[in-house]
Amino acid sequence: MHGETRMSAYPDDPSIASSLLAKMADGSLTRTVMTNKRAVATVQLENEHVRVTEWRFAPGDATGHHRHAHDYVVVPVVDGELELIESGSRSRSRLQRGKPYFRNAGVEHDVINAGGANMIFVEIELKDTAERR
Ligand code: NI
């Protein structure tokens, strides 16, 4: 990783932007990658039937590998693009604001914001469901 500079997911932070510019000027910045931080999950509502979680991702942020114990619906709050790492293979999915999708319990994956802007979606887990084997 020599010569690589990790860039904050918050490019509007002036101190980080100016330190990056300084590194570009003196040639020490050879490659810029987005930081793979964890997405921020906020449980907004939970009862015996549902758990509703807001997920916020800066560019490059990931959920971390997880398995879905319940059927769930995702409602994108903004347009964006996700990279999905599932069973060792990578795919991309374009999300459209307000356009939901449904998946069954048993999905196991890591989810990364592959777009250049913040990604936000709301996940609704249906706790009365379980993986059918
Ligand atoms: Ni997931």
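How many bridges pair strand E6 with E11, and in which sense? Strand E6 (residues 71-76) and E11 are paired over six bridges in the antiparallel sense. The bridge partner of Val74 in E11 is Glu123.

The structure is a predicted model, in which local features need pLDDT of at least 70 and side-chain atom pairs count only at pLDDT 80 or more, whereas totals for chains, interfaces and linings use all residues. Residues are numbered from 1 along each chain as its sequence is written.

The protein contains one helix and 11 strands. Its elements follow one another from the N terminus as β-α-β-β-β-β-β-β-β-β-β-β. Of its 133 residues, 12% count as buried, a residue being buried if 20 or more other C-beta atoms lie within 10 Å of its own, exposed if 12 or fewer do, and partly exposed in between, with C-beta atoms placed from the backbone. Among the contacts in the protein with a separation of 6 or more, 72% are accounted for by residues 24 or more positions apart; a contact requires the C-beta atoms of two residues, placed from the backbone, to lie within 7 Å.

Strands E6 and E11 belong to an open sheet of five strands with the order E3-E4-E11-E6-E9 and antiparallel pairing. Its edge strands, E3 and strand E9 (101-103), each pair on one side only. Neighbouring strands of this sheet are turned against each other by 25° on average, direction ignored, where axes are lines fitted to C-alpha atoms (for helices over the stretch in contact) and angles between N-to-C directions run from 0 to 180 degrees. Strand E4 (residues 50-57) is joined to strand E11 (residues 119-126) by eight antiparallel bridges, and Arg56 has Ile120 as its bridge partner in E11.

On its other flank in the sheet order, E4 is a neighbour of E3. E3 and E4 pair in the antiparallel sense over six bridges and are joined by a hairpin through three residues. The bridge partners in E4 of Ala41 and Thr42 are Trp55 and Glu54, respectively. Because zero of the seven residues of E3 are buried, this strand lies largely in the open. Leu45, located in strand E3 (residues 40-46), counts as exposed because it has 11 C-beta neighbours inside 10 Å. Apart from neighbours within four places in sequence, Leu45 is in contact with Val50 and Val52. Leu45 and Ile124 are separated by 79 residues in sequence, while their C-alpha atoms are 9.3 Å apart in space.

A further open sheet is formed by four strands in the order E5-E10-E7-E8, again with antiparallel pairing. Strand E5 (66-67) and strand E8 (89-95) are the edge strands, each pairing on one side only. E5 and strand E10 (residues 108-113) run antiparallel and are joined by two bridges. His66, placed in strand E5, has His109 as its bridge partner in E10. With 11 C-beta neighbours inside 10 Å, His66 counts as exposed. The C-alpha atoms of His66 and Asp110 are 6.4 Å apart, although these residues are 44 positions apart in sequence.

The phi angle of Ser87 is near 50°, a positive value in a residue other than glycine. Ser87 counts as exposed because it has 6 C-beta neighbours inside 10 Å.

The largest nonpolar core comprises eight residues, namely Trp55, Phe57, Leu82, Leu95, Val111, Ile112, Met119 and Phe121. At least two residues of this core are supplied by each of E4, E10 and E11. A nonpolar core is defined as a set of buried Ala, Val, Leu, Ile, Met, Phe, Trp, Tyr and Cys residues joined through C-beta atoms within 7 Å. In soluble globular proteins, nonpolar side chains tend to be buried together. Excluding neighbours within four places in sequence, Phe121 is in contact with Trp55, Val74, Val75, Pro76, Val77 and Leu95.

Conventions
Pairing = 2+ DSSP bridges.
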